[in-house]
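I am opening my notebook on a new structure. I will look things up one by one and write down what I find.

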Amino acid sequence: MTETAESFKAKSTIKSDDREHRRKINFNINKYNAVVPVAKHQFSELMVARERAKNAKWRAIETLDQQLEEFERQFTKRGGKVIWAETAEQALEAVEKICKEKNCKTLVKSKSMVTEEIHLNQFLEKQGIESVETDLGEYIQQLDGEAPYHIVTPAMHKSKEDVAKLFAEKLGTPSDLTPEQLTLVARVKLREKFIQAEVGVTGANFIISDIGAIAITENEGNARLSCAFPKTHIAIVGIEKVIPTLGDLGLFWPLLATYGTGQKVTVYNTIVTGPRQEGETDGPEDMYVIFLDNGRTNLLNNPKTREALYCIRCGACLNACPVYKNIGGHTYETTYSGPIGSVITPHLKEMDDYKHLSNASSLCGNCTEVCPVRINLHELLLENRHEAVEFGMATYGERIAWKAWKTGSLNRKMMNLGNGKLKNWMINKVFSAWTAHRGKLNFSNKTFNEMWDERNGKG
Amino acid sequence: MQISSSKENVLKKIRQALANPVPVPFSQSEGNTSVFQPSTKELEIEFAENFTGLLGKFSFCINEKELAQQLQQLAFAKKLKSIYCNEKDIKQKLVTAGFDNFTATDVAACDASITGCELLVARTGSLLMSSAQTSGRTVSVYAPIHICVAYTSQLVYDIKEGLLHLKEKYANKLPSLITLATGPSRTADIEKTLVVGVHGPAEVYVFLVEG
Ligand code: SF4
């Protein structure tokens, strides 16, 4: 077992015993579960919407080279610049170069998982550049010197008292502030930074190839401010974020909001097509889009894992995952946690170091069930295990167990024969190492087909 | 140069990978029919309901004279001292109708801003705005209170319709920024407690004028 895997097991054993931690996570996830069904009502054909979304992502990814080139053609026409980065290092180098050119001392950042992936903040710190997180949740995490806990709700594991204490400690505010007061403190502190910063860095939720633009989804307005005040705007984006046309946003914005936060649409959905154009009042003089590969082409290369690139990072699969609920986001020690994180991380990093993540799943299928773009997550987890086994990284017992499980789970008929008890037995007994570190897992007594019918009945 | 070779390398890897295509996932679901609940009311009502449902504040004005009066009342009720507006035609119309309470000279100093919009999206209660408006990127997001003046002719039902409308309107000269804003700026980052006005405005008003 590698050191990373050891540490994961140790940490998950500790975390799953941490009641307070579990209470906070459950509180957050319950609130999420209460609003999602309401947002779903906006759809008359939810399943068709999800299937079309998957089709649109399929179309984009199957012609990814053309989509990216079309983007570049359109975007450069308006004076934007595209930088291609094969690795995190190349992306960082590009940012460094731009910051040097622009004499950047302070940089404002809106929430972006890609910048976490390449560890931008630590890098900039070394360059002597102040990098300020402006999303409230990220700001809290940055004050605390901690990585984001959840891809949508970064400070999910902190109570309001925790945050008040943190602000008191770091910013010298009274220690009994309410969430409203804390938010106001952050607003005032961050406004200075927006004005002061030479460079604004954002991610992007979508790359729109037909018009050559990026789109950013948020609720706070910090991304809008990050690309309004600073003279230079850099958007760092994974190459898989492509959707073919502007019109597709009419589907993707509501889907992302519904599954991400249980809203019909988020408060701000912003399309940026380039730097300030002639005749416009304000906006940056320069805009760069950095296309990041960093292992994404590995996922593309295997036709089976390719669909992991359709992910719109809504976080629904994390919230639905019994393992995530138990052990929480930090235990994974990766940028992308939860089921989708377990699927993609081994390909973005070294397979050997992170293949244990594919085992950090109960294979209950909840993730597949909830994914708005209908990614077959649990099959992909199996595929990773398969790759790991093929590369000879699995232990002997695991190989046998994996084979038995795969035969079972891929054969729908067999799956339906076995009710919950049988499945529980299979998991809890066959994977004997499982129970030691994961706790007993409970499967629904309904078969997969029953659940499927129920869900389709509901729409 | 390294940058351009990176581009070639990435594209090469993509093309190699795509030599093995995968089939379309759900061909039976393709099509252009709407997947959203259809409109059941007049667009004005639809918009007003959805917008106010998200804490937006809505007022209908039969003409510009009434708009000016209502703005006056709002300024009085909220004790607005400095209002900022950077859109000539709106300012002109308001002045003509009797409202000229624009004392703020820039957005940083104002306690409310007035802008127009490109379109209103009824289904989601959203304002579609762009940097082609002289308010630019900042005015509607930086002010603590944002007041939007819109006309009933600017209503569309859904987001896609609105976006395609802009694409057609601007053809090859798309504004550098287009934003769909739905209600006041909000966060739930601290224990899922809803707080408005985190970075953007805490209050958003729409004055919808007939016409
Ligand atoms: S895999 Fe699906 S459910 Fe999970 S974050 Fe991505 S889009 Fe959401």
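How much helix and strand is there over residues 95–209 of chain B, and how far apart are the end C-alpha atoms? I looked: this stretch is 17% helix and 32% strand, and its end C-alpha atoms lie 16 Å apart. Helices (H or I, at least four residues) and strands (E, at least two) are DSSP runs, numbered from the N terminus. I checked the record too: an unreviewed UniProt entry annotates residues 95–209 of chain B as "domain: LUD". Such annotations may be inferred rather than shown by experiment.

Ground rules next. This is a predicted model, where local features need pLDDT of at least 70, side-chain atom pairs count only at pLDDT 80 or more, and totals for chains, interfaces and linings use all residues. Residues are numbered from 1 along each chain as its sequence is written, and chains are lettered from A and ligands numbered from 1 in the order in which they are written.

I noted the scores: ipTM 0.97 and pTM 0.86. Chain B has a mean pLDDT (the predictor's confidence in each residue, from 0 to 100) of 95, and 99% of its residues reach 70 or more.

I stayed in chain B for B:Thr115. This residue sits in strand E3, residues 112–115. I found 23 other C-beta atoms within 10 Å of B:Thr115, so it is buried. The cut-offs are 20 or more for buried, 12 or fewer for exposed, and partly exposed in between, with C-beta atoms placed from the backbone. B:Glu87 is 28 residues away in sequence, yet 6.6 Å away in space, C-alpha to C-alpha. Leaving aside neighbours within four places in sequence, the contacts of B:Thr115 include B:Glu87, B:Met129 and B:Cys148. Contact means C-beta atoms, placed from the backbone, within 7 Å.

Then I turned to chain A. I listed 25 helices and ten strands. Of its 459 residues, 55% count as buried.

I picked helix H12, residues 249–261 of chain A. Its 13 residues should span 18 Å at 1.5 Å a residue, and the end C-alpha atoms are 17 Å apart, which agrees. The expected span is 1.5 Å times one less than the number of residues. Is H12(A) enclosed or open? It is largely enclosed by the rest of the structure, because 13 of its 13 residues are buried. Just after H12(A), A:Gly262 has a positive phi of about 70 degrees.

Last, I looked between the chains. I read 73 residues of chain A in contact with 60 residues of chain B. Helix H3 of chain A, residues 46–62, gives the most to chain A's side, with eight residues.

Key. Contact = placed C-beta atoms within 7 Å.
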